[in-house]
Amino acid sequence: MQIFRLFFSFFLFFALVSCEKELASDQQSVNNSEELTDDIKKSALTVAEAMNVEPGYWITVKGYIVAAAESSIKNADFRAPFAGKTAILLADEPADGSDDQYFDDLMPISLSDATKGISASFNLQENATRWNNFVYIHGIRKQYMSAPGIKEVKNIWIGDPDEQPDPTVVPDDNGNDNPDDPDNPVIDDGDDSDALTIAEAIDALWDQKIWVKGYIVGTTRVNLANTKFDGILENFTAIVLADEPGTTQKELLFPVGLETEDRQKLAQYGDNLINMKVKVLGMKGQKGYMGQAGFKTAGAVIIIE
C-alpha cells in the first residue's frame, strides 16, 4: 500500500508540473484554436477600418489595448489601477498615460461573451500588464456601448506591431479569414441577394445561421399576441418581419429579438419603422422564437434603402 501511495504521489507531481509547463508556454494566444499566422496578420483590419465594416460579420482587428471599460466608453479607465472586467478598448496607437492624449477612434471589445478564459486573461482590472499590448482580435463586428465594437470574441493573439508578415502570403478578401465558412460572410455590399425571403427562412433547416430579408410589419415583446401592427410598441424587444407590408397572418410572420443597441437604433424611426425593409442575420434554432420560426437574437440588422 505504501508503494502504491508513493507511486501515486510521484504521478500527481509530474502531472501538475506538466500542466504548468503547458500553460506557461502559451505565450502568444490564450484559449485559441489556432496560431497567429501570416494570413491572419495580413487580413487583419486596423481599428479605423474595422469601424466601417457593417455589423454582423466575423472580422479580425488589430490594435493596442489602451483602456478598461464597464457599461460605457464614458467611464473608460486609461491608467492603472484599472476598473472594469467586461470590456477593453482598442486603438490604432498606444496610450501614453497622459491626460491630454486624444484618440480619434476607440473600439470597445466585449469580454463578457468571449470564448472561455479570454476575459480572465485579458481584462485589465486583473491583468494590468496587458495595457498597451498589441493584439489581434477575432470576433463579430457589432454595435457595443453605443459604438462600433466587437462581440463574441473567439480569439485574441498577442503580436508585435513592428513584425512584418510574409509578403508572399495573399490574405482573404475584406479582412475575412475564411470566406467559405458560412459563419464568415464577406462584407456586405448593399446587395440583399444573399438573404432568404421570410417564406424561405421559415422552411429553411434548423440550427443554421442565415440572412433574411423582409418588411417590419410590427413590433412586440414577450409574444406575438401583443404585436402592434400600426405603429411601434413602447419598449418593444422584437420586430416582426413578413414578405409583404401589412401582413398580419401569424403563419407568415418571422419574429426577431433585438439587442439593446439595435432596438435603440430602430426606435429612432418611430412609426416610420413599420413597413421598412431590412436585412437581418441570426441563428434559426430548433426551439424557434415566440413559438415559431424566428431569431431569438439578431446578430445584425441592416436597413435596406
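What follows is a chat about a predicted model of a protein.

Me: How many helices and strands are there, and what share of the residues is buried?
Reply: This predicted model has 6 helices and 12 strands, and 45% of its 305 residues count as buried. Among the contacts with a separation of 6 or more, 64% are made by residues 24 or more positions apart. The accessible surface comes to about 16100 Å², with 51% of that area belonging to carbon and sulfur atoms.

Me: Where is confidence lowest, and where is it highest?
Reply: The average pLDDT of the protein is 81, and 80% of the residues score at least 70. Confidence is lowest in helix α1, residues 2–24, where the mean is 41, and highest in strand β9, residues 238–242, where it reaches 97. Residues 1–32 have a pLDDT below 50, although the model gives this stretch 24 contacts beyond near neighbours in sequence. Residues 172–190 also have a pLDDT below 50, with 35 contacts of that kind. Where pLDDT is low, the predicted coordinates should not be read in detail.

Me: OK, back to strand β9. What does I239 touch?
Reply: I239, which is found in strand β9, is buried with a relative accessible area of 0%. Leaving aside residues up to four places away in sequence, I239 touches I216, G218, T219, F254, P255, V256, L258 and L266. For I239 and P255, which are 16 residues apart along the chain, the C-alpha atoms are separated by 5.9 Å.

Me: Switching to aromatics, how many pairs does the structure hold?
Reply: There are 6 aromatic pairs in the structure. One of them is formed by Y57 and W211, a tilted pair with 5.6 Å from centre to centre and 35 degrees between the planes. Y57 belongs to the loop between α3 (47–51) and β1 (58–70), while W211 sits in strand β7, residues 208–221, so that the pair links distant parts of the chain, 154 residues apart. Both Y57 and W211 are buried.

Me: Why is the F254 and F295 pair called edge-to-face?
Reply: The planes of the two rings, F254 and F295, stand at 90 degrees, with the centres 5.0 Å apart, so the pair counts as edge-to-face, a label that applies to planes over 60 degrees apart. F254 is in strand β10, residues 254–257, and F295 is in the loop between β11 (277–284) and β12, so the pair ties together parts that are 41 residues apart in sequence. Both F254 and F295 are buried, and F254 is also among the residues that I239 touches.

Me: Which residues do ring pairs link into a cluster?
Reply: The cluster linked by ring pairs consists of Y64, F134 and Y136.

Definitions and conventions
Residues are numbered from 1 along each chain as its sequence is written. This is a predicted model: local features need pLDDT of at least 70, side-chain atom pairs count only at pLDDT 80 or more; totals for chains, interfaces and linings use all residues. Side-chain values use heavy atoms; hydrogens and water are left out. pLDDT is the predictor's confidence in each residue, from 0 to 100. Helices (H or I, at least four residues) and strands (E, at least two) are DSSP runs, numbered from the N terminus. Contact means heavy atoms within 4.5 Å. Rings of Phe, Tyr and Trp (its six-membered ring) pair if their centres lie within 6.5 Å; planes under 30 degrees apart count as stacked, over 60 as edge-to-face and the rest as tilted. Buried means under 20% relative accessible area, exposed over 50%, partly exposed in between (1.4 Å probe, protein chains only). Accessible areas come from the Shrake-Rupley method with a 1.4 Å probe; for residues, only the protein chains shown count as cover.
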